[in-house]
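Hi there,

Here is the structure I promised to pass on to you.

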Amino acid sequence: MEFSTEELDFFNNIFTDPSNDSIVSDSQHQLTVQTDIPQYLKQVLVGSKLTLLAEISHYQLWFPVALSIDGQGDFSPKLSTPEIIDVKGSERSWRVTTPKNVAVIDVFNGQQIEILSLSSTGLTLKMPTSGEKHLDLQQTSFEMSLAGEVPLKLELDLVRHEKGVVAAKFKGLQEGRESLRKFLFNSHKIEYSNLYQDIIL
């Protein structure tokens, strides 16, 4: 991801301009405008969790932003991979249907499970048909690999189970969250390349 010249200038100048502009209304009153941030506020901002919103068509891209301070005392922002929200209709995480280069394995039975859709919050799977009415995902061990990376252990909570299709949400997917976001973001850029034509990321 790259910032445009205007964005870099904005981040470089918004907090660090050391100029003090004064407007004197009369001899007893003085209005002062400061454009630099006091040291104690810099420390608060560096430790804060910030988010930058970009809107593309009916999608919202929520970029986590980390601020650090470089050797000169200037802010240095770093964008992470965004969460993609589809705001058309009901607001929810964007999902890719029948994703390529993703495999979910039922470790206990040693078989690959077909993925119908995948989002940052969960997935839908086409499970082998079984006579059981109730499916206990806690009794099954799943692993998911994204584009050939090291498989992630999945803990799933069942949302829905109907006619061999299982909808489940991720539980405790901390280690693989960034990898999943990167995969989804890249999939979104490929599927909607026309939306990204004039954007440098």
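Setting aside neighbours within four places in sequence, Ser120 touches Glu83, Ser93, Trp94, Phe170, Arg177, Leu180 and Leu184. Please keep in mind that this is a predicted model.

Ser120 sits in the loop between S10 and strand S11, the latter covering residues 122–126. Is Ser120 buried or exposed? Its relative accessibility is 4%, so Ser120 counts as buried, given that the cut-off for buried is under 20%. One of its contacts is also polar: the side chains of Ser120 and Ser93 pair up at 3.4 Å.

Now to Ser117, which belongs to strand S10, residues 111–118. Ser117 has a relative accessibility of 7% and therefore counts as buried too. Beyond the neighbours within four places in sequence, Ser117 is in contact with Arg95, Val96, Thr97, Thr98, Leu123 and Thr124. With Thr124 there is a side-chain to side-chain polar contact of 2.7 Å.

Three helices and 15 strands make up its list of secondary-structure elements. Among contacts with a separation of 6 or more, 46% are between residues 24 or more positions apart. The accessible surface of the chain is about 13,200 Å², with carbon and sulfur atoms contributing 49%.

Best wishes

How values were computed: Residues numbered from 1 in each chain as written. Predicted model: local features only at pLDDT ≥ 70, side-chain atom pairs only at ≥ 80, totals over all residues. Heavy atoms only, no water. Helix = DSSP H or I, 4+ residues; strand = E, 2+ residues; numbered from the N terminus. Buried < 20%, exposed > 50% of the residue type's maximum accessible area, 1.4 Å probe, protein only. Polar contact = N/O pair within 3.5 Å; in protein donor to acceptor, adjacent residues only side chain to side chain. Contact = heavy atoms within 4.5 Å. Areas by Shrake-Rupley, 256 points an atom, 1.4 Å probe, with all protein chains shown as cover.
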